[in-house]
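Please read them with the structure open.

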Amino acid sequence: MLLSEMFSGMPDLEIKGLCIDSRKARQGDLFFCLKGLASDGHRFAEMACEKGAVAVVHSDEVVRSEGAVYIRVEDVNEELNRICDLFFDHPSHKMTVFGVTGTNGKTTTTSIISDVYHKPCGYMGTIAVRYGSVSRIPNLTTPDALEIHGNLKEMVDHGMEAVAMEVSSHGLAMRRTDSVDFDAAVFTNLTYDHLDYHKTMEQYFEAKKLLFSRMKPDGVAVLNADDVSFEELAACASCRCVSYGIDRDADYRAENVRLSVRSSSFELVYKGRRYQVETNLSAKYNLYNLLGAMAAMHETGMTIEEMLPKLSHISQIDGRMEILDEGQDFTVIVDYAHTPDGFEKVFEYAKATTEGKIYSVFGCAGKRDKVKRRVLGQIAGKYCHRVYVTEEDPRDETAEEIGAMILSGMEEGKGVMIPDRYEAVKAAIERAETGDCVLILGKGDEPYMYYEDGRHPWMGDNQAAQKVLREMKDKHPDHE
């Protein structure tokens, strides 16, 4: 694409790629001087040009390189969004785009949509960028605008007609999705999280609201009628709204709910009609995720009748309420829960479905909300017979420092610190007896761990638990 096609008055210079990281600049790139949380791209414009960038978009003064073209604008982020959409040929306009935001449930809701929707549907979020046979680990839940539009272009080129995207509060606040053409925006719930970044719940919610206040008029907002955010979100939405829920009246409402360890059923009431829903999802909070997904899919053209046969065998979402079964006589569940609300819901589910004792394994991330650590300890201590506190992306802190804060929230002797995460998983599982439940929380299937020097491989909580269970089975082959 020519630079003149991107910016009026610019020369007919061929632009081969877009770049926001000077270290990744290549010959023929257009470099955008973005201001981030930790660094300012204006400082690296010269480096980008040395690596081959032929043009630079900037808002402040930069050190200029001979031969490069400089385009000064008021808002680099705004131009980045516009140009990404243009350069990749408006991919989000060629698909049905579902955006899902909220504190908990984003991954489950988007995964349900990508699994059940009646058109080829990709997925972009915490666990993967996935379409067709392609699946790769993402850098962030909501990546930068360049990566988003590049991913969407790949999906369009591979025949995807829809995509379900997790949209984080960070991504919204940093305007990474400003030029994505969303057809449906789903809100799951609003609970305590990310106050290390947003500082207050009010600012956190304001970030979430951006997805709905910026919706196109012919889009649809799908809102949780049972959540405290419902009225305010409905008021700020720039498009029509539909609701879903269980406890309050809603456009899509679940009634006569029946829950069991490995499945659920309910009657979906929509416009006076009743539909019997049988699903392999368990726990009430997952029914909210299912209802939100069903409402969004129905509002974008899929009939409820088309969905029903698919809901009884929704694909297992790795690391999300993943029940591991190696023939043991106790329950092992791996879940990504890492917020107070997520913890309460998982522990309530365990309490309701467990006859024996409850054990848990978790930690808290370094360089993140420190207040939450004691709160998670309090919740776990309330439900568990024993808590195994361990490392969980410690970054520039030690697992022991973080663990001490978690342990301060429970009575003395209830918890034990085991820094090595695999050893903590092993200790909890080996302690369990018939009818007990082991909850391994916080990382799900994430195959990495963040330390001070960056990201290192980690087998994932599900793989760690499975390895321990299989080793136990090999040692005691007759144990059922």
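1. Is M410 buried or exposed? M410 is buried, at a relative accessible area of 10%. Buried means under 20% relative accessible area, exposed means over 50%, and partly exposed lies in between (1.4 Å probe, protein chains only). M410 sits in the loop between α14 and β20 (415–417). Helices here are DSSP runs of H or I with at least four residues, strands are runs of E with at least two, and both are numbered from the N terminus.

2. A word on the basis. This is a predicted model: local features need pLDDT of at least 70, side-chain atom pairs count only at pLDDT 80 or more, and totals for chains, interfaces and linings use all residues. Residues are numbered from 1 along each chain as its sequence is written, and side-chain values use heavy atoms, with hydrogens and water left out.

3. Next, the salt bridges. The count comes to 29, where a salt bridge is a side-chain nitrogen of Lys or Arg within 4 Å of a carboxyl oxygen of Asp or Glu. One of them joins K153 to D157, with the closest N and O atoms 2.8 Å apart. These two are four residues apart in helix α5 (residues 145–157), so about one helical turn separates K153 and D157. K153 is partly exposed at 27% relative accessibility. D157 is exposed at 53%.

4. Helix α12 (residues 340–353) holds another such pair, D341 and K345. They are four residues apart, about one turn of the helix. Their side chains meet in a salt bridge at 3.1 Å, N to O. D341 counts as buried because its relative accessibility is 19%. K345 is partly exposed, at 27%.

5. What does E232 form with K209? The two form a salt bridge, the closest N and O atoms being 2.9 Å apart. This pair links distant parts of the chain: E232 is in helix α9 (residues 230–236), K209 is in helix α8 (residues 201–213), and they are 23 residues apart. E232 is partly exposed at 39% relative accessibility, whereas K209 is buried at 13%.

6. Check two backbone angles. R175 is not a glycine, yet its phi is positive, near 60 degrees. R175 lies in the loop between α6 (169–173) and β10 (184–187) and is partly exposed at 22% relative accessibility. K271 is not a glycine either, and its phi is about 50 degrees, also positive. K271 belongs to the loop between β14 (264–270) and β15. At 72% relative accessibility, K271 is exposed.

7. Now a polar contact. The side chains of S282 and Y349 make one at 3.4 Å. The term means a pair of N or O atoms within 3.5 Å; within protein, one must be able to donate a hydrogen and the other to accept it, and residues adjacent in sequence count only if both atoms are side-chain atoms. S282 sits in the loop between β15 (273–279) and α10 (284–299). S282 is buried, with a relative accessible area of 7%.

8. Last, helix α14 (residues 399–407). E401 lies in this helix and is partly exposed, with a relative accessible area of 44%.
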